[in-house]
Amino acid sequence: MATRLDQIDNLLEARDAEPELAFMARLLSLCSLPRTDPGARTYYKRVNGPYRLFMNAGTDNKLPYGSIPRLLLAWVATEAVRTGKRELVLGRSLSKFMRELGVHNDSGGPRGELTRFRKQMIRLFGCTVSLVYDGKNGYSRVSSLVADRHEFWWDPKQPAQSSLWESRIELGEKFFHEIVSNPVPINMNVLKALKRSPLGLDLYLWLNYRTFSLDQPIRLSWKRLYRQLGGDLDKATDKLVVNDFRKKCLRELKKIKTAWPNLNCSTARGLLIVTPAKPAIGQGGENEDAL
């Protein structure tokens, strides 16, 4: 089992290694997916300034959650930008595909990593997302299945064995165009190093996007940040919940700084202060009035 020290070692390796250029859709850098199991909920919403993300469960009537969907979306966005195609090939070996995302444990069984990975793939690629901008420059809305088609030919009992056919997905047309129109460069090495921390992934993606083009520090209350990245929007007024969120964020920020030394964040009473810094990799896009 991976330990905190293992994670720190991975983050140090990510810091010292040549960056692995990858991409994430802009809105998915600003609005996070569920981090913990939503249970019976089939609808999910996140808001960040003028940006809104809505998600409806598909295939098995379950929403995706945790680190795996975030890693999958980074892979999807990267391949969509690289190939310029909606149809993406996942390959003949499940183990090999998992390793591409930094997941090296392919243990089986009901609670094994392999089972969890496969379930999250089915949930993510089967759900419908709506990406909305409602701001000072106008209004736009895009709704689409994440994938119009997905074919998984891997044998879950033999994940290392090559299948006769290649597994593949075909992205929803509108979802694909949203990705390739607004890609945000990220360092995939950092995502892989943070793979056991959904909150760490969310903070890294948001900060990587947000720090680009900052010309002065921004000051955010923890309550406001909780509304964007917290677990339950209805609890944003609960001081104990927000304070626990603050502690978790500070822990994750310390990890992120290990891989991204130029990141410049500080705290004041009730506030997180983000100062202009060199992005972790490449360049981001327009920040507008997002958090």
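In what order do the three strands of the open sheet lie? The order is E4-E8-E7, and the pairing is antiparallel. Please keep in mind that this is a predicted model.

- Strand E4, residues 87–91, and strand E7, residues 147–151, form the edges, and each of them pairs on one side only.
- From one strand to the next, the twist averages 15°.
- Four bridges join E7 to strand E8, which spans residues 167–171, and this pair runs in the antiparallel sense.
- Within this part of the sheet, arginine 149 stands opposite glutamate 170 of E8.
- As background, the strands of a sheet pair through backbone hydrogen bonds, in either a parallel or an antiparallel manner.

**Helices on the sheet**

- Helix H3, made of residues 67–83, packs on the sheet and touches E4 and E8.
- The direction of H3 makes about 120° with that of E4.
- Helix H5, residues 113–126, lies across E4, E7 and E8.
- Relative to E7, helix H5 runs at about 155°.

**The largest pocket**

- How much space lies in the largest pocket? The value is about 330 Å³.
- The lining has 14 residues, and those closest to the pocket centre are Arg35, Thr36, Gly231, Asp244 and Lys248.
- Two helices, H8 (198–210) and H10 (239–259), each supply at least two residues of this lining.
- H10 gives the largest share, with five residues.
- By class, the lining of the largest pocket divides into six charged, five nonpolar and three polar residues.

**The second largest pocket**

- The second largest pocket has a volume of about 270 Å³.
- Which of its 15 lining residues are the closest to the centre? They are Ser67, Glu113, Arg116, Lys195 and Arg196.
- H3 and H5 are the elements that give two or more residues to this lining, and H3 packs on the sheet while H5 lies across E4, E7 and E8.
- The largest share of the lining, three residues, comes from H3.
- The lining of the second largest pocket holds five nonpolar, five polar and five charged residues.

Notes. Residues are numbered from 1 along each chain as its sequence is written. This is a predicted model: local features need pLDDT of at least 70, side-chain atom pairs count only at pLDDT 80 or more; totals for chains, interfaces and linings use all residues. Side-chain values use heavy atoms; hydrogens and water are left out. Two strands pair if DSSP finds at least two bridges between them. Axes are lines fitted to C-alpha atoms, for helices over the stretch in contact, and angles run from 0 to 180 degrees between N-to-C directions. Contact means heavy atoms within 4.5 Å. On a 1 Å grid over the protein atoms alone, a cavity is a set of points where a 1.4 Å probe fits but cannot get out, and a pocket is an open set with protein on both sides within 12 Å along at least five of seven lines; lining residues have an atom within 4 Å of a point. Grid points are joined across faces, edges and corners, and a volume is the space filled by probe spheres set on the points. Ala, Val, Leu, Ile, Met, Phe, Trp, Tyr, Cys and Pro count as nonpolar, Asp, Glu, Lys and Arg as charged, and the others, Gly among them, as polar.
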